[in-house]
Amino acid sequence: MSEASASHAAERRELTVAQRNAVAELLRVSPVADELGRRFARAGHELHLVGGSVRDALLGRLGEDLDFCTDAHPDETLKIVRGWAESIWETGREFGTIGLQRDGLRLEVTTFRAEAYDQVSRNPVVEYGTSLEDDLKRRDFTVNAMAVSVPDHRFTDPYGGLADLAAKIIRTPGTPQESFRDDPLRMLRAARFAAQLRFSVHPDVRAAMTRMATDLDRITAERIRDEFTKLLCGADPVTGLRLLVDTGLAERFLPELTGLKLTIDEHAQHKDVYEHTLTVVSNAMALEAEGCDFVLRMAALMHDVGKPATKSVGPDGRVSFHHHEVVGARLTKARMKALRYPKDVTSQVVKLVGLHLRFYGYGRGEWTDSAVRRYVTDAGDLLSRLHKLTRSDCTTRNRRKAAQLAADYDALEERIARIAAEEDLARVRPDLDGNAIMELLGVPPGPLVGKAWQHLKELRLERGPLDRDEAEAELLRWAREQGVLD
């Protein structure tokens with residue numbers, strides 16, 4: 001058999017597997033989907049399972065959220081589903097979408113679209129289409145441009161999406177230039193699908209992404225943030241991240257990542273800090289308990305972004321990056337703010353970046369119990385993530401050194417557990433509360449009480465728990481030194 005014949009045979013086998021997956025998945029949801037399709041048919045309208053739902057059915061991983069398209073307009077859709085749907089929501093009505101729930105499935109029904117785009121913001125301007133073909137043509141990629149009609153299960157694939165799905169290729173229905181000109185966010189979405197599906201991007205699509213990368217500047221920060229978050233939470237984010245850097249897209253919204261390619265690692269363990277960072281992201285993923293931990297992955301991605309600004313070369317030619325964790329935390333905060341991430345998510349990532357170097361030095365025996373308490377207290381509820389980030393940051397190829405670092409961290413975790421068993425490390429607080437401080441010093445609420453409380457907390461971190469008499473004696477001693485008491 002020739003190489004070409006073997007390739008076609010393998011592709012046919014892939015298609016057969018995909019089709020079997022689709023049949024099994026569609027049978028699972030067909031009682032609801034077909035019933036809804038019959039309601040639309042009785043009203044004189046078409047209904048098709050479409051886009052990501054068909055793609056996921058072919059991959060054998062259809063979830064509980066189903067997407068449909070129809071020639072019915074939103075008002076007509078509402079008439080059809082009222083009395084049948086268990087609940088209805090109209091939050092997407094301005095985009096032609098009506099949402100509903102039935103038998104544990106979340107369904108979204110969207111009127112055929114032939115979208116135009118605002119030439120300034122590139123946000124979609126909804127225009128209703130008149131046919132399924134028009135609707136499929138305006139979709140981003142061929143693997144998302146397939147449909148299955150309900151209830152008769154007629155398969156429509158005008159752009160070869162099934163073949164691309166079997167070949168694991170991301171390609172656009174029309175030319176990539178036309179698709180990305182309509183909505184430049186699709187360039188970022190291509191990288192996201194590469195990360196989520198482990199697909200490769202067609203060379204023509206990749207070339208267009210490179211040529212048109214600057215068009216991403218017209219997209220709002222919120223839309224970019226949402227796509228990037230999905231990319232980083234994909235099954236293979238490193239592939240997506242490499243694509244962003246190689247095409248120049250990262251430079252448009254995450255230049256710190258591209259900047260890492262310019263910095264040589266101080267231990268010469270990798271080609272550069274960029275490669276080290278991608279390895280740390282992969283290592284962190286391997287330590288996730290279940291599902292994507294975005295905070296951990298983002299911290300792994302950003303942990304060394306302060307290195308380019310702190311790079312220095314010593315007399316011996318060795319490169320160092322002193323205080324890069326401090327600079328990195330500041331850069332991370334600014335970048336996540338620019339991408340409109342929620343403040344609580346940003347603060348967690350920033351804190352991890354700022355703390356990721358704290359562990360180093362522990363193995364030299366320099367840490368006192370006080371240092372361990374401060375490590376735990378400063379990490380707070382991020383301690384388990386800090387453990388994972390620190391372990392992920394060890395990417396040395398020197399097996400003996402890697403084993404020693406792992407042993408040192410094992411020892412630190414054991415020591416934390418031992419001290420935690422003796423003290424309440426999760427809630428390190430002063431041995432006297434505010435009421436006791438005011439009573440002993442005879443002062444009203446105010447800044448002085450806060451200063452006394454902070455002094456006692458520092459003492460608690462340094463020496464561990466004090467009994468009541470010791471704590472009171474220390475408070476009175478401090479008060480005399482501060483001139484509060486004679």
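Helices (H or I, at least four residues) and strands (E, at least two) are taken here as DSSP runs, numbered from the N terminus, and in that numbering proline 151 sits in the loop between β8 (147-149) and β9 (155-156). The model described is a predicted one.

**The largest pocket**

- The lining of the largest pocket is made up of 38 residues, and those that lie nearest the centre of the pocket are Asp67, Arg113, Arg138, Arg139 and Arg189.
- Two or more lining residues are given by each of the helices α2 (52-58), α7 (185-197) and α9 (221-232), and likewise by each of the strands β2 (65-70), β4 (97-102) and β5 (105-111).
- Among the contributors to this lining, α7 supplies the largest share, which amounts to five residues.

**Backbone features in the loops**

- Most peptide bonds are trans, and most residues other than glycine have a negative phi.
- The peptide bond that leads from valine 150 to proline 151 is cis, and its omega is near 15 degrees.
- The loop between β8 and β9, where proline 151 is placed, also contains histidine 153, a residue that is not a glycine and yet has a positive phi of about 60 degrees.
- Histidine 153 has a relative accessible area of 36% and therefore counts as partly exposed, because that class covers values between the 20% limit for buried and the 50% limit for exposed.
- Histidine 323, placed in the loop between β13 (319-321) and α16 (324-338), is another residue other than glycine with a positive phi, here near 65 degrees.
- The relative accessibility of histidine 323 is 58%, so this residue counts as exposed, a class that requires a value over 50%.

**The crossing of α14 and α19**

- Two packed helices are described by the distance between their axes and by the angle between those axes.
- The crossing in which α14 passes α19 is right-handed.

How values were computed
Residues are numbered from 1 along each chain as its sequence is written. This is a predicted model: local features need pLDDT of at least 70, side-chain atom pairs count only at pLDDT 80 or more; totals for chains, interfaces and linings use all residues. Side-chain values use heavy atoms; hydrogens and water are left out. On a 1 Å grid over the protein atoms alone, a cavity is a set of points where a 1.4 Å probe fits but cannot get out, and a pocket is an open set with protein on both sides within 12 Å along at least five of seven lines; lining residues have an atom within 4 Å of a point. Buried means under 20% relative accessible area, exposed over 50%, partly exposed in between (1.4 Å probe, protein chains only). A crossing is left-handed if the near helix is turned anticlockwise from the far one by less than a right angle, and right-handed if clockwise.
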